[in-house]
Amino acid sequence: METKHLTRLGLLTALALALSWAESTIPLSVSVPGVKLGLPNLVVVFALYRLGRREAWLLSLVRVALVAATFGNAFSLWYSLAGAVLSLLGMTALKAWGRLSPLGVSVAGGVLHNLGQILVAMAVLDSGAVLAFLPMLLLSGTVAGVCVGAAGGILVRRIRL
Amino acid sequence: MKQLRYDLILIALLLLLSAAAWLLLRPRGEGAVAVVTVDGAEAGRYPLSEDRTVWIESPGGYNLLTIAGGAAAVTEADCGDHTCVRTGEIRLDGQSIICLPHKVVITVEGGEADGVDLSAH
Ligand SMILES: [Zn+2]
């Protein structure tokens with residue numbers, strides 16, 4: 001990787017980290033375990049379209065690790081990781097499919113992020129009780145995905161790095 | 001703009017899925033007992049009709065379950081995120097309070113009243 005490329009990636013990772021921190025200070029849907037707005041996904045979507053698949057994965061996974069190391073814990077790491085990996089898998093596949101715009105890809109990413117977390121929660125708690133939160137997780141993932149994707153779509157079109 | 005059409009189809013599908021999941025999983029009426037599980041194993045069941053506080057010990061720490069006025073709530077806990085405390089009161093069949101760090105799940109179940117409820121519908 002050339003230096004300029006690496007610098008861009010570092011910058012975007014820092015931005016994603018800042019957004020993770022910002023969203024951790026917003027007490028949104030706090031009654032649902034694991035629900036987040038998915039603000040960092042904005043940067044991941046941008047990286048996916050502007051830098052490439054490998055860079056998006058690297059950025060996202062490094063962000064998860066850094067969040068766990070700075071203001072998360074070993075425990076929240078697994079939830080974030082499951083959400084991030086499932087979301088990345090879905091987003092890279094859907095982008096390759098080519099039918100969806102960055103908006104649609106981001107929506108799918110948001111929903112899959114929540115789905116990944118609910119699956120880990122079910123496994124960890126050994127309980128189906130978490131399923132009661134599924135409708136809210138689907139809805140919040142979709143709405144957040146639309147907001148994040150709309151903003152991300154504009155960034156992908158306007159900003160040249 | 002063709003991509004946008006697929007975007008809208010995806011969003012519509014997800015909204016439909018949320019609605020379907022809600023219809024399927026929504027609380028079906030008043031609950032009767034609060035069932036406490038710690039790390040997947042049942043740790044106790046308490047009728048919502050009797051006011052009490054229950055100290056729930058788990059490997060991660062404690063949660064204080066308070067049952068009052070036919071509803072259950074976690075009023076105190078030493079977990080990091082306090083999601084369980086912020087969930088507030090639950091009283092309907094199928095509602096849950098979840099403390100992920102402590103692997104504690106408190107679920108309201110219909111209990112005895114369940115069969116009566118079903119036949120009434
Ligand atoms: Zn808790």
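Biologist: Which residues are the protein donors of the zinc ion?
Modeller: In this predicted model, the zinc ion has C79(B), C84(B) and C99(B) as its protein donors, each through its SG atom, and they lie 2.2 Å from the ion.

Biologist: And how are those donor residues spaced in sequence?
Modeller: The donor residues of the zinc ion follow the spacing C-x4-C-x14-C.

Biologist: Is C79(B) buried or exposed?
Modeller: C79(B) has a relative accessibility of 4%, and because buried means under 20%, C79(B) counts as buried. C84(B) is buried as well, and C99(B), with a relative accessible area of 2%, is also buried.

Biologist: How many disulfides are there over all chains?
Modeller: A search through the whole structure, covering all chains, finds 0 disulfides.

Biologist: Changing topic to chain A, at what angle do helix α1 and helix α2 pack?
Modeller: Helix α1 of chain A, which covers residues 3-24, packs against helix α2 of chain A, residues 41-50, at an angle of about 155°, and their axes are 8 Å apart. Since angles over 145 degrees count as roughly antiparallel, α1(A) and α2(A) are therefore roughly antiparallel to each other.

Biologist: Which residues in α1(A) and α2(A) meet?
Modeller: From α1(A) the residues are L12(A), L15(A), A16(A) and L19(A), and they meet L42(A), V43(A), F46(A) and A47(A), which belong to α2(A).

Note on methods:
Residues are numbered from 1 along each chain as its sequence is written. Chains are lettered from A and ligands numbered from 1 in the order in which they are written. This is a predicted model: local features need pLDDT of at least 70, side-chain atom pairs count only at pLDDT 80 or more; totals for chains, interfaces and linings use all residues. Side-chain values use heavy atoms; hydrogens and water are left out. Axes are lines fitted to C-alpha atoms, for helices over the stretch in contact, and angles run from 0 to 180 degrees between N-to-C directions. Helices (H or I, at least four residues) and strands (E, at least two) are DSSP runs, numbered from the N terminus. Angles under 35 degrees count as roughly parallel, over 145 as roughly antiparallel, 65 to 115 as roughly perpendicular and the rest as oblique. Contact means heavy atoms within 4.5 Å. A disulfide is a pair of cysteine sulfur atoms within 2.5 Å. Buried means under 20% relative accessible area, exposed over 50%, partly exposed in between (1.4 Å probe, protein chains only). Donors are N, O and S atoms within 2.8 Å of the metal (3.2 Å for Na, K and Ca); water is not among the atoms, so sites may look incomplete.
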